[in-house]
Amino acid sequence: MVNGEAEPFVVGSKSFTAVAINTAAKAGQWIKTKLGDINRVDTKFSSQDLVTEVDKGSEKLIRNLILTHFPDHSILGEEGVAPGPEASAKALQAMSDEEYLWIVDPIDGTTNFVHGFPFYSVSIALAHRGEVIVGVVYDPTRDELFVAEKGKGAYRHGKKTEVSLEDQLSVSLVATGFPADRQGALVTNLKGVQALSPKVRNLRVAGSAALHLAYVAAGRLSGFWEIGLNSWDIAAGALLIQESGGQVTDTEGKPYNLAVRNVMATNGKIHAELGQELAAAEATGF
Ligand code: IPD
Ligand code: CA
Ligand code: CA
């Protein structure tokens, strides 16, 4: 009681990280029940940029859960933003000064999800005045949850994750993506693929940027780069990598921030070499 009045009811006193974990896990488990049961696939910015009612449902579930615990926080979710790179950058800019901003990709890897290819994830990050302080990437197929807290390390099911030890591209497994923006980002990224594929041990393009980043954090990949991503693809995975001892910059080597769209993320040891190869191939941007 304060001055004879009942205090307003606040749901729970859960930590940011606990809410991020529970929310990503709940959304991921719900998504998995919908695999193979999609009624409608729509396209967004390009004919390869897909969205389903499950993406929208997942984002709604995530928003509701976050706002139940933190009604004053802001949320930037992919499905709440108009399609295309310009609208995404604008939406981020409009919100980047918020005290607490949750950055949500409700399904990262929608194309895989639509085709039943089991490599997709839920990505949830929390930024405090523009700096990512919590990141969670959840893979419902393998029930694998990757979580990082700024300054406190990154973990996979309670075990600290650490980046790989390879210090040369020639012995590294590296991943990238084929962006849905066929005219811009894809053309540039293909130059990188062409240049890098003979130099690395092998390339993987499995279709979920967030999960690829989590794999760099866990030492399963030594590097990842992609042109034309959005904040919700990168934010959680970037913290996972930084807290696992790796390095995240843009493709020109400038430090990561939420506005970075052309990302280069590695174990740190192959960072310079990867950057040099991308620069030599004129594959750092468009
Ligand atoms: C896509 C995935 C894919 C990447 C694309 C992203 P979405 O996200 O991360 O791996 O290559 O550039 O747009 O549309 O499935 O959330
Ligand atoms: Ca995505
Ligand atoms: Ca998505």
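Reader: Taking buried as under 20% relative accessible area, exposed as over 50% and partly exposed as in between (1.4 Å probe, protein chains only), is E78 buried or exposed?

Author: E78 is buried, at 15% relative accessible area. This is a predicted model, where local features need pLDDT of at least 70, side-chain atom pairs count only at pLDDT 80 or more, and totals for chains, interfaces and linings use all residues. Residues are numbered from 1 along each chain as its sequence is written, chains are lettered from A and ligands numbered from 1 in the order written, and side-chain values use heavy atoms, without hydrogens or water.

Reader: OK, which residues are the protein donors of the calcium ion (ligand 3)?

Author: E78 (OE), D105 (OD) and I107 (O), lying 2.2 to 2.3 Å from the ion. Donors are N, O and S atoms within 2.8 Å of the metal (3.2 Å for Na, K and Ca), and with water not among the atoms, sites may look incomplete. The sequence spacing is E-x26-D-x1-I.

Reader: And where do E78 and D105 sit?

Author: They are 27 residues apart: E78 is in the loop between β3 (74-77) and α3 (85-95), D105 in strand β4 (residues 100-108). Those are DSSP runs numbered from the N terminus: helices H or I, at least four residues; strands E, at least two. D105 is buried too, at 1% relative accessibility.

Reader: What else does D105 coordinate?

Author: The calcium ion (ligand 2), which is 3.7 Å from the calcium ion (ligand 3).

Reader: Switching topic: how many salt bridges are there between domain 1 and domain 2?

Author: One (a side-chain nitrogen of Lys or Arg within 4 Å of a carboxyl oxygen of Asp or Glu). E144 pairs with R220 in a salt bridge, with the closest N and O atoms 2.6 Å apart.
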